[in-house]
Amino acid sequence: MSFIKSTAFKYIPVIVFAVIIADYFFAIASLGSVAEILRQFAVVISNIALGLGVISLLRIHGKNVQRRLEGRWQYSIVTVVTFVTVFVLGIINANGDQYTWAFNHVYTTLQQTMYASTGFFIVSSAYRAFRARNIDAALLLIAGCIVVFTNAPIGEVIWSGFPVIGDWLLGPGQLPGYRVLMLIAGFGTIVYAYRVITGNERGFFGGGE
Amino acid sequence: MILKEGRIVAFVLLFGSFVLYYMFTKMIQQGKAFKIRTLAALEALPEAVGRCAEMGKPIFYMPGIGSSLSLSSGAYILAGITILGRLAGFAAKAGVKLRLFTVTIDAMPLIQETIKNAYAIEGKVEEYSDDDIELIANQSSLVSRYIGAVQREQPAAACLIGYLAYESVVLSEAGNIIGAMQISGTVNLYQIPFLVASTDYTLIMEELFAAAAAVSGDAGAVGPIAAEDVIKFVSLGIMILGIVLAPLGITFLVDLLGL
Amino acid sequence: MSDQNIFDRLDKLDRRIYYWLIVIVITWPLISPIGLPITVKPSSRALYDGLTSVQEGDVVLIDIFMSVSTWPECMGGLVVETNTLIDQGAKLVYIGNSVDVSRSWERLKELVPRLETLEYGSDVVFLGYYTGEDAAAAQMAVDMSSIFPADHYGTPIDDLPLMSEANSATDYAMVLFTAEGEVKWIQQWGEPYGVPVAGMGIAMKGSALAPYLASGDIFGLAVGVRGAAELEALAEMPATATKTMDAISSTHLLFVILIILANLPILYNKIKGGS
């Protein structure tokens with residue numbers, strides 16, 4: 001394994017990177033088909049990660065149940081049983097009534113509930129954080145309120161100027177800052193790519209030197 | 001023309017960046033020191049652990065969602081795990097329980113190894129337990145599990161560092177409700193305002209990578225960060241030149257960059 | 001405790017009070033709508049104009065990235081897009097990067113019964129879930145069948161006449177993203193192949209998507225419930241998004257009132273000259 005880690009893993013990212021980058025920049029016909037194969041590999045690996053996720057999940061929660069881990073094993077049972085039930089239903093017939101029922105009436109409801117809770121936490125956070133303790137905070141507060149009223153039809157009813165100022169804030173007002181942040185994110189991604197191809201980024205195959 | 005149209009300058013800039021990264025890495029290896037500026041969030045890690053030690057409470061860590069193999073989230077999750085290593089070292093030294101919640105299944109071996117190594121370096125490998133690392137099925141489940149854990153275990157501090165999506169609002173507010181000290185960091189642009197408003201310290205955008213580089217300390221991590229300063233200055237210069245030339249109707253810069 | 005004035009109480013207002021207020025102000029307009037007018041933003045109008053410029057027979061790729069949790073924000077807009085494109089005689093290919101995309105597809109069919117009247121395989125195809133993000137999008141631009149050897153129902157792609165005429169990026173008139181995933185379409189379809197890209201984003205992503213709109217990387221954008229309501233207004237198909245706007249108005253108004261209340265203690269202390 002250490003030979004694979006030290007040699008093969010070191011050169012695979014370099015080769016893949018070279019082919020994909022060359023395909024992007026250079027008009028070389030034969031490179032296109034090789035790049036295609038590599039892209040398909042990437043998609044297959046993503047799909048394998050789903051299966052890996054399932055195995056890891058079952059293993060870890062199964063261990064929790066086996067060891068009766070305090071405060072958690074009951075929920076692990078629920079996780080495993082739910083997983084197995086929905087999995088079996090999906091295998092039998094992914095378009096069947098039972099599977100669809102589980103999706104519609106359990107998964108959908110729970111997902112929407114958790115996402116909806118975000119609204120409460122945003123208001124709670126805003127009530128605590130949107131305080132005009134200094135001039136910067138006051139400006140942030142005023143801008144925030146204007147944008148809030150821009151998004152809601154009642155804003156235009158209260159004052160016709162809200163959408164005008166709000167659209168400016170969402171457009172030319174924040175674009176320069178946002179573009180800078182996007183540029184920086186791009187630089188960061190390039191650095192990451194460099195670290196991967198030079199073998200400095202070992203996180204994705206388990207760490208270690 | 002072997003280079004595709006419209007990609008010549010991009011090619012030059014990309015490989016020019018790589019050359020710069022290589023040069024700066026070599027300079028560090030040859031002894032030149034580049035100091036990453038003090039990052040308040042990173043400096044706050046021992047303070048967070050100290051708070052937990054005083055109060056006898058655990059510290060929570062969430063390295064973000066997504067997959068470490070993904071282009072959009074992988075780099076940030078791995079950066080979060082690098083910082084986790086330092087936090088784990090502080091926690092091991094202070095005898096503070098470190099609880100980790102993650103949905104990143106493919107990074108689990110790395111997370112376990114990172115924390116175990118940190119404990120081993122402090123000579124406390126027997127205090128490490130896999131049970132303190134919780135793997136949760138998905139994002140929404142993570143939210144409900146984390147909120148419940150925060151309410152029951154009442155951590156004195158929490159770190160949300162990695163690739164964060166809508167859960168950043170919920171998790172940070174859950175920590176605020178119990179008065180926990182919170183350190184966050186993400187590259188996800190539209191989550192940064194929430195984190196800045198809700199947490200005590202935030203690593204914004206590239207600071208996350210810089211923090212990971214500062215923690216790892218190796219030339220391959222610090223060199224590119226230092227080289228990026230040069231790239232940023234060059235970018236700034238191009239922008240200023242563009243701002244000057246555009247009103248004059250001179251388009252050579254736009255045409256040049258479009259080659 | 002007894003010498004706490006109203007400003008001290010406002011400063012530490014129990015969050016359960018405003019949680020309950022939120023529940024009331026969201027529920028009331030849904031039960032008893034107010035019907036405030038909605039002004040359409042230029043970005044939503046540009047998106048709608050793009051949809052109505054599609055010619056009969058053009059193939060449009062629609063990426064349903066939203067999960068069931070973002071239905072309230074994006075499903076309304078997706079319904080309008082689908083109805084408009086059907087009116088234009090376009091052919092539709094649906095894919096999705098979210099694990100519950102099949103659920104979103106079923107829901108879309110419930111809300112757009114006309115989808116069932118189209119000939120499946122020739123006028124509309126649902127290819128289903130894909131993973132791989134940028135790599136998948138880049139590969140789809142070259143050869144869709146390598147990512148989707150069959151559709152969601154297991155029908156081989158060679159048996160779908162629509163897919164034989166729409167196998168690469170250049171065969172498509174436009175790509176529409178839903179909720180997220182815009183970057184990969186811009187980078188892998190828009191920039192290299194010039195395929196027009198547009199779509200809808202969740203409200204949180206509005207600021208993040210604005211730079212792409214400003215630079216022309218996307219030609220139109222509808223953001224959040226408001227964007228979906230604007231599309232419904234343009235298409236003259238008022239539905240759930242339009243009904244929700246009143247709840248949005250009342251909640252936003254409450255939000256601003258709460259923020260004003262939260263700042264009263266600070267103002268009071270400043271006037272008093274205290275800390």
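This report describes the chains, contacts and selected elements of a predicted model.

## Chain B: overall form and domains

Chain B contains 10 helices and six strands. Along the principal axes, its C-alpha atoms fill a box of roughly 65 × 40 × 30 Å. Of the 259 residues in chain B, 51% are buried. Among contacts in chain B with a separation of 6 or more, 71% are between residues 24 or more positions apart.

The domain assignment divides chain B into domain 1 (8–33 + 219–257) and domain 2 (40–216). A distance of 33 Å lies between the C-alpha centres of domain 1 of chain B and domain 2 of chain B.

## Helix 6 of chain B

Helix 6 of chain B, residues 167–177, is mostly covered, with 10 of its 11 residues buried. These buried residues are B:Glu167, B:Ser168, B:Val169, B:Val170, B:Leu171, B:Ser172, B:Glu173, B:Ala174, B:Gly175 and B:Asn176.

What do the buried residues of helix 6 of chain B pack against? Within chain B, their partners are strand 1 (59–64), helix 5 (139–153), strand 4 (157–163), strand 5 (181–186) and helix 7 (192–198). They also pack against helix 4 of chain A. Just after helix 6 of chain B comes B:Gly179, which takes a positive phi of about 80 degrees.

Chain A is assigned domain 1 (1–92), domain 2 (93–119) and domain 3 (130–198). The C-alpha centres of domain 2 of chain A and domain 3 of chain A are separated by 33 Å.

Helix 4 of chain A has 33 residues. From first C-alpha to last, helix 4 of chain A reaches 47 Å, close to the 48 Å expected at 1.5 Å a residue.

## Contact between chains A and B

The contact takes 45 residues from chain A and 48 residues from chain B. On the side of chain A that touches chain B, the elements giving two or more residues are helix 2 (29–66), helix 4 (97–129) and helix 8 (175–197) of chain A. Helix 8 of chain A gives the most to this side, with 14 residues. The residues on the side of chain A that touches chain B comprise 27 nonpolar, 15 polar and three charged.

## Contact between chains B and C

Chain B and chain C each give six residues to their contact. On the side of chain B that touches chain C, four residues are nonpolar, two are polar and none is charged.

## Strand 5 of chain C

Strand 5 of chain C, residues 197–201, is largely enclosed by the rest of the structure, because five of its five residues are buried. In a regular strand, side chains alternate between the two faces of the sheet. Both faces of strand 5 of chain C are covered. C:Val197, C:Gly199 and C:Gly201 are buried on one side, and C:Ala198 and C:Met200 are buried on the other.

Strand 4 of chain C, residues 174–179, runs parallel to strand 5 of chain C and is joined to it by five bridges. Opposite C:Gly201 in strand 5 of chain C stands C:Ala179.

Note on methods:
Residues are numbered from 1 along each chain as its sequence is written. Chains are lettered from A and ligands numbered from 1 in the order in which they are written. This is a predicted model: local features need pLDDT of at least 70, side-chain atom pairs count only at pLDDT 80 or more; totals for chains, interfaces and linings use all residues. Two residues are in contact if their C-beta atoms, placed from the backbone, lie within 7 Å. Ala, Val, Leu, Ile, Met, Phe, Trp, Tyr, Cys and Pro count as nonpolar, Asp, Glu, Lys and Arg as charged, and the others, Gly among them, as polar. Helices (H or I, at least four residues) and strands (E, at least two) are DSSP runs, numbered from the N terminus. The expected span of a helix is 1.5 Å times one less than its number of residues. Domain bounds come from an automatic or database domain assignment. A residue is buried if 20 or more other C-beta atoms lie within 10 Å of its own, exposed if 12 or fewer, and partly exposed in between; C-beta atoms are placed from the backbone. Two strands pair if DSSP finds at least two bridges between them.
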